[in-house]
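Thanks for passing this one along. Below are a few friendly notes to read with the structure open beside you.

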Amino acid sequence: MIGDVLTSSILLELLREQYPQAQLDYLINENTKAVVQGNPFVDNIKCYQPQKDQDSNYKSEFTQALKAEGYDLVVDVYAKLRSARLTKAIKPKQSVSYYKWYTQSAYRKTVKPLKKTDKDEGLALVNRALLLETLGIDIPLIPKPKLYIGETEKNIAKQQLAAAGIDESQLLFMISVFGSSAEKTYPTDYMAQVLDDLVSHTGATLLFNYLPDQRAQLDELIELCTPETQQHLRPDVYGNSLREFLALASCTHAVIGNEGGAVNMGKALNVPTFSIFSPWILKSAWNSYERSGFNQSIHLSDIRPERYKKHPKKYKQQAAQLYRELQAEFVIEKLRAFTEHHAFSAARP
């Protein structure tokens with residue numbers, strides 16, 4: 001997933017500090033390449049095409065090409081059976097991943113991920129750094145994931161906004177209106193109420209992060225908003241590619257909506273973010289950089305902690321039901337605190 005690839009990119013920066021002359025390659029799914037482009041710590045991006053999963057010739061050739069590189073070290077963050085088999089086939093001199101009883105034999109070293117941390121970076125980043133610490137690499141400071149948007153890309157985004165009549169002085173928010181799945185998408189009727197309140201209190205113009213085949217769903221959401229809110233919604237202004245989205249997002253004042261790739265990219269662009277967590281996602285893993293209030297979020301466990309007797313992942317099948325308990329009024333209250341923290345208001349000059 002995009003958020004995983006972006007978060008794991010910190011390992012390249014840490015490895016570059018440790019091995020300044022090394023060749024650092026990053027193996028990712030092809031559809032996530034945009035978040036790695038321009039990263040100065042990556043020498044080669046190795047793209048896997050998931051759509052060819054059933055093509056045995058492609059998989060064999062891909063594996064052989066990686067084996068031919070003669071890697072000294074493989075750091076497997078994916079930590080699934082398929083990546084364990086790939087690591088074993090590559091035969092690196094050293095390898096590390098997270099401990100699982102059924103894959104540990106594929107690696108020279110394994111480590112059990114931590115279950116909690118008091119660090120502001122959050123568990124997702126802390127556990128990634130733990131992989132390198134297991135190799136004996138000292139990490140006094142975990143770097144923040146970064147995205148690298150060129151001036152040309154940003155200027156094109158500014159021109160797109162200007163052509164759409166959106167002035168640079170206007171408050172402009174990017175709304176992550178859909179999660180990566182239905183189980184990670186806040187209910188449409190609740191989201192409409194949230195957007196109504198957001199526009200009412202800030203007067204902001206709202207852009208949307210969506211795919212072309214999601215336009216009908218977006219239109220349904222817009223229809224649920226008040227006519228006054230609809231005047232502030234600009235679904236016509238969007239990126240035709242992930243890089244175009246990133247350039248547009250870098251021009252906004254905040255990224256707001258469903259927790260996931262868009263919010264993680266907002267953080268990497270140093271844009272303030274507000275996340276609505278799915279009830280089955282472990283908040284402590286992904287609520288990074290919230291201590292100062294620059295980024296904020298809400299999770300059902302904040303409202304109904306008694307609901308969680310087990311790990312949140314155990315409630316994935318109940319996501320739709322649990323989302324209904326995270327009513328719009330709770331999100332609105334927390335979102336207002338976020339906008340007030342940043343002085344986002346209709347009276348903003």
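**Notes on the predicted model**

1. Let me start with helix H2. Its buried residues are covered by, among others, helix H1 (2-8), strand E1 (25-29), strand E3 (73-76) and helix H5 (123-134). Please keep in mind that this is a predicted model.

2. How many residues of helix H2 are buried? Seven of the nine in this helix (residues 10-18) are, so H2 is largely enclosed by the rest of the structure. The buried ones are Ile10, Leu11, Leu12, Glu13, Leu14, Leu15 and Arg16. You will see that Glu13 and Arg16 are on that list of buried residues.

3. Next, have a look at strand E7, which spans residues 205-209. Four of its five residues are buried, leaving the strand mostly covered. Strand E6 (residues 172-176) pairs with E7 in the parallel sense, over five bridges.

4. Together with helix H7 (residues 188-202), E6 and E7 make a right-handed β-α-β unit.

5. Further along the chain there is another unit of this kind to trace. Here strand E8, helix H11 (residues 261-268) and strand E9 make a right-handed β-α-β unit. E8 (residues 254-258) and E9 run parallel and are joined by four bridges.

6. Strand E9 also pairs with strand E10 (residues 296-298): three bridges join them, and they run parallel. Which residue is a handy guide here?

7. Now the side chains of E9 (residues 273-276). Thr273 and Ser275 point one way from the strand, while Phe274 and Ile276 point the other way. Are these four residues buried or exposed? All are buried, on either side of the strand.

8. Finally, a feature on the outside. Leu81, Tyr99, Trp101 and Tyr102 form a nonpolar patch on the surface. Together these four residues have about 460 Å² of accessible area. One of them, leucine 81, has its place in helix H4 (residues 81-90). Leucine 81 counts as partly exposed because its relative accessibility is 37%, and that class lies between under 20% for buried and over 50% for exposed.

Definitions and conventions
Residues are numbered from 1 along each chain as its sequence is written. This is a predicted model: local features need pLDDT of at least 70, side-chain atom pairs count only at pLDDT 80 or more; totals for chains, interfaces and linings use all residues. Side-chain values use heavy atoms; hydrogens and water are left out. Patches are made of residues with over 30% relative accessible area and no salt bridge: like charges are joined within 9 Å, nonpolar side chains (Val, Leu, Ile, Met, Phe, Trp, Tyr) within 5 Å. Accessible areas come from the Shrake-Rupley method with a 1.4 Å probe; for residues, only the protein chains shown count as cover. A salt bridge is a side-chain nitrogen of Lys or Arg within 4 Å of a carboxyl oxygen of Asp or Glu. Helices (H or I, at least four residues) and strands (E, at least two) are DSSP runs, numbered from the N terminus. Buried means under 20% relative accessible area, exposed over 50%, partly exposed in between (1.4 Å probe, protein chains only). Two strands pair if DSSP finds at least two bridges between them. A crossover is right-handed if, with the strands pointing away from the viewer, the path from the first strand over the helix to the second runs clockwise. Contact means heavy atoms within 4.5 Å.
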